[in-house]
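Here are my notes on this model, as numbered points. Please read them with the structure open.

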Amino acid sequence: TIDSYRAMLRGLSASGELAQLDNARRLFVEMRRVFGVDSIDITTYNILIAGYVAAEQTVAAELLLEEMTRAGIAPDVVTYTTLLTGYGRQRQLSAVRRLFRQLRSSGVTIDRTSLNAFVSAAVRCENLTLAR
């Protein structure tokens with residue numbers, strides 16, 4: 001079932017290891033082939049994006065975000081929070097600002113977790129003014 005595939009995808013992605021992420025990406029491709037492109041939802045994309053962020057592969061995570069958007073799936077608060085956290089860990093202030101602007105303009109409701117991710121990212125980037 002697709003839930004079984006998602007569980008496997010979650011396990012592979014959670015490791016944060018590049019070799020496992022390669023396996024997760026192959027499984028993702030297989031999911032699309034087996035269940036159809038329309039069966040891949042925001043949850044599935046978020047699992048893989050979180051894996052790339054955990055492995056500090058934010059460029060790959062952003063490419064997956066672009067792929068997701070092209071497939072007609074809009075990012076949700078989990079997507080933005082995951083990416084904000086990743087860019088904060090890498091101290092990439094310009095990416096943090098850009099993503100938070102996207103989040104604000106997207107119409108997605110900013111929750112406490114996403115706001116905390118933004119503030120934490122700004123602090124890690126040593127921009128206390130932005131954090132306020």
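1. Start with Tyr5. This is a predicted model, and in it Tyr5 has a relative accessibility of 14%. The cut-off for buried is under 20%, so Tyr5 counts as buried.

2. Next, the aromatic pairs. A search of the whole structure finds three of them. In one, the ring centres of Tyr5 and Phe35 lie 5.2 Å apart. Their planes stand at 85°, so this pair is edge-to-face. Tyr5 belongs to helix H1 (residues 2-14) and Phe35 to helix H2 (residues 18-35). The two residues are 30 apart, and the pair links distant parts of the chain.

3. Is Phe35 buried, partly exposed or exposed? Its relative accessible area is 32%.

4. Phe28 and Tyr45 form another aromatic pair. The centre-to-centre distance is 5.2 Å and the angle between the planes is 65°. This pair is edge-to-face. Phe28 sits in helix H2, and Tyr45 sits in helix H3 (residues 42-54). They are 17 residues apart, and this pair too links distant parts of the chain. Both Phe28 and Tyr45 are buried.

5. Now the helix packing. Two packed helices are described by the angle between their axes and the distance between the axes. Take helix H4 (residues 58-70) and helix H5 (residues 77-89). Their axes come within 10 Å and cross at roughly 160°. Angles over 145 degrees count as roughly antiparallel, so H4 is roughly antiparallel to H5. The crossing of H4 and H5 is left-handed.

6. Which residues make the contact between H4 and H5? On the H4 side they are Thr58, Ala61, Glu62, Leu65 and Met68. On the H5 side they are Thr79, Leu83, Gly86 and Tyr87. By class, this contact has five nonpolar, three polar and one charged residues.

7. Helix H6 (residues 93-106) and helix H7 (residues 112-124) also pack, with axes 10 Å apart. The angle is about 160°, so H6 and H7 are roughly antiparallel to each other. H6 passes H7 in a left-handed crossing. From H6, the contact uses Val96, Phe100 and Leu103. From H7, it uses Ser114, Leu115, Phe118 and Ala121. How does this contact divide by class? It has six nonpolar, one polar and no charged residues.

8. Last, check the backbone. Most residues other than glycine have a negative phi, and most peptide bonds are trans. Glu56 is not a glycine, yet its phi is positive, at about 60°. Glu56 lies in the loop between H3 and H4. Its relative accessible area is 56%. Exposed means over 50%, so Glu56 is exposed.

9. Where does Arg91 lie? It is in the loop between H5 and H6. With 53% relative accessibility, Arg91 counts as exposed.

Conventions. Residues are numbered from 1 along each chain as its sequence is written. This is a predicted model: local features need pLDDT of at least 70, side-chain atom pairs count only at pLDDT 80 or more; totals for chains, interfaces and linings use all residues. Side-chain values use heavy atoms; hydrogens and water are left out. Axes are lines fitted to C-alpha atoms, for helices over the stretch in contact, and angles run from 0 to 180 degrees between N-to-C directions. Helices (H or I, at least four residues) and strands (E, at least two) are DSSP runs, numbered from the N terminus. Angles under 35 degrees count as roughly parallel, over 145 as roughly antiparallel, 65 to 115 as roughly perpendicular and the rest as oblique. A crossing is left-handed if the near helix is turned anticlockwise from the far one by less than a right angle, and right-handed if clockwise. Contact means heavy atoms within 4.5 Å. Ala, Val, Leu, Ile, Met, Phe, Trp, Tyr, Cys and Pro count as nonpolar, Asp, Glu, Lys and Arg as charged, and the others, Gly among them, as polar. Rings of Phe, Tyr and Trp (its six-membered ring) pair if their centres lie within 6.5 Å; planes under 30 degrees apart count as stacked, over 60 as edge-to-face and the rest as tilted. Buried means under 20% relative accessible area, exposed over 50%, partly exposed in between (1.4 Å probe, protein chains only).
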